[in-house]
Each structure stands twice: as structure tokens, then as C-alpha cells.
Amino acid sequence: MSSFDDACHLHPDPPTTPETAVSCERCGYPPGPHDDLYVVMVPDSGHAHATDPAQDGIRFAYACTPAHAHELIELGRCSWIDEQLWAEKVRRAAVLWPCGRLTVERFAQLAGLSPNQLSRALRWPAHHEPVNAHHIPGQRARSER
Ligand SMILES: [Zn+2]
């Protein structure tokens, strides 16, 4: 009889807490099944939507409380960098229109940027992260030097 008990205890119940897909982005708190969860639209200059420019600079995040939702929004505002968003628009345009023969003006138009914004976007990542300049069509078309 004791062997039956031993066998039962050899195999404790498997974890019944499913891997929570979401947690508060501010504090990492994973909401329980009865906890409130706040879905918040956070400004994020590092986020360009895959296809819809109207959704650029915004992403969804989860927060455990209204206070943390507010903090996430404020963090997004404080860390906003125009050039970063423009660089993301450039990346998207380079993916959507990968052909190599475009003028700078045409490429800027496809990216939804002015030529000046395109220029600033192309210069910005050089100081922050590797730029995939060789993937940007038309960049060499109007080389200044
Ligand atoms: Zn939180």
C-alpha cells in the first residue's frame, strides 16, 4: 500500500499555471485570471507598422494598473525620437519596394518622408545601431561625393 502512495508522490501534479502570454510591461507582473489588465496604446518611435503608416509610432502594451499604463505612455513620450521613427519608415519602404532604381525623392515619397526627413533618418542610425544602408534602394543614385 505504501508503494501506491509513493508512486502518487513520485509524480506530483504538473504545473497547472499556464504560461501567461502577457505581463505588465512596467513591472513585469503577470496578471492572474481574475486580475484586471489594461491594454494601452504607447507612443514608440521605434515602431513602424508593417503596412499601415497611420499606425506608425504606436504599439500596444499591457499594464497591471492605470498608473502603470500612464507611466508607459510617459516613458514612450520621453524617449521619442523623430529620426528613429523616420528610420523605421525607411526600413519598411526598403522592404516593400526593394527595387534598386529609385531617386532619393521617389524613395522618400514611398517612405512617407520629405527628402530632408529621409536624409536625417539615414544619418540617425549611424550613431545608434548598424544601418542597413546597402538595402536602401536609390541611396547611391544621388551621391553627393
Ligand atoms: Zn505593473
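Helix 3 and helix 5 are roughly perpendicular to each other, a class that covers angles of 65 to 115 degrees. The model is predicted; local features need pLDDT of at least 70 and side-chain atom pairs count only at pLDDT 80 or more, while totals for chains, interfaces and linings use all residues. Residues are numbered from 1 along each chain as its sequence is written.

**Helix 3 and helix 5**
- The two axes come within 8 Å and cross at roughly 95°; axes are lines fitted to C-alpha atoms, for helices over the stretch in contact, and angles run from 0 to 180 degrees between N-to-C directions.
- Helix 3 contributes Glu83, Trp86, Ala87 and Val90 to the contact, and helix 5 contributes Gln117, Leu118, Arg120, Ala121 and Leu122; residues are in contact if their C-beta atoms, placed from the backbone, lie within 7 Å.
- By class, these residues comprise 6 nonpolar, 1 polar and 2 charged (Ala, Val, Leu, Ile, Met, Phe, Trp, Tyr, Cys and Pro count as nonpolar, Asp, Glu, Lys and Arg as charged, and the others, Gly among them, as polar).

**Nonpolar cores**
- The largest nonpolar core has 13 residues, and those with the most contacts inside it are Trp86, Val90, Ala111, Leu113, Leu118 and Ala121; such a core is a set of buried Ala, Val, Leu, Ile, Met, Phe, Trp, Tyr and Cys residues joined through C-beta atoms within 7 Å.
- Two or more residues each come from helix 3 (82–96), helix 4 (104–111) and helix 5 (115–123), with helix 3 giving the most, 6 residues.
- Apart from neighbours within four places in sequence, Leu118 is in contact with Val90, Val104, Phe107, Ala108, Ala111 and Leu113.
- A second, separate core of 8 residues includes Cys24, Ala61, Cys64 and Ala69.

**Overall architecture**
- The protein chain has 5 helices and 2 strands, in the order α-β-β-α-α-α-α from the N terminus; helices (H or I, at least four residues) and strands (E, at least two) are DSSP runs, numbered from the N terminus.
- Of the 145 residues, 22% are buried (20 or more other C-beta atoms within 10 Å of a residue's own, with C-beta atoms placed from the backbone).

**Confidence**
- The mean pLDDT of the protein chain is 79, and 72% of its residues reach 70 or more; pLDDT is the predictor's confidence in each residue, from 0 to 100.
- Confidence is lowest in helix 1 (residues 2–10), at a mean of 42, and highest in helix 2 (residues 66–78), at 97.

Conventions. A residue is buried if 20 or more other C-beta atoms lie within 10 Å of its own, exposed if 12 or fewer, and partly exposed in between; C-beta atoms are placed from the backbone. Two residues are in contact if their C-beta atoms, placed from the backbone, lie within 7 Å. Angles under 35 degrees count as roughly parallel, over 145 as roughly antiparallel, 65 to 115 as roughly perpendicular and the rest as oblique.
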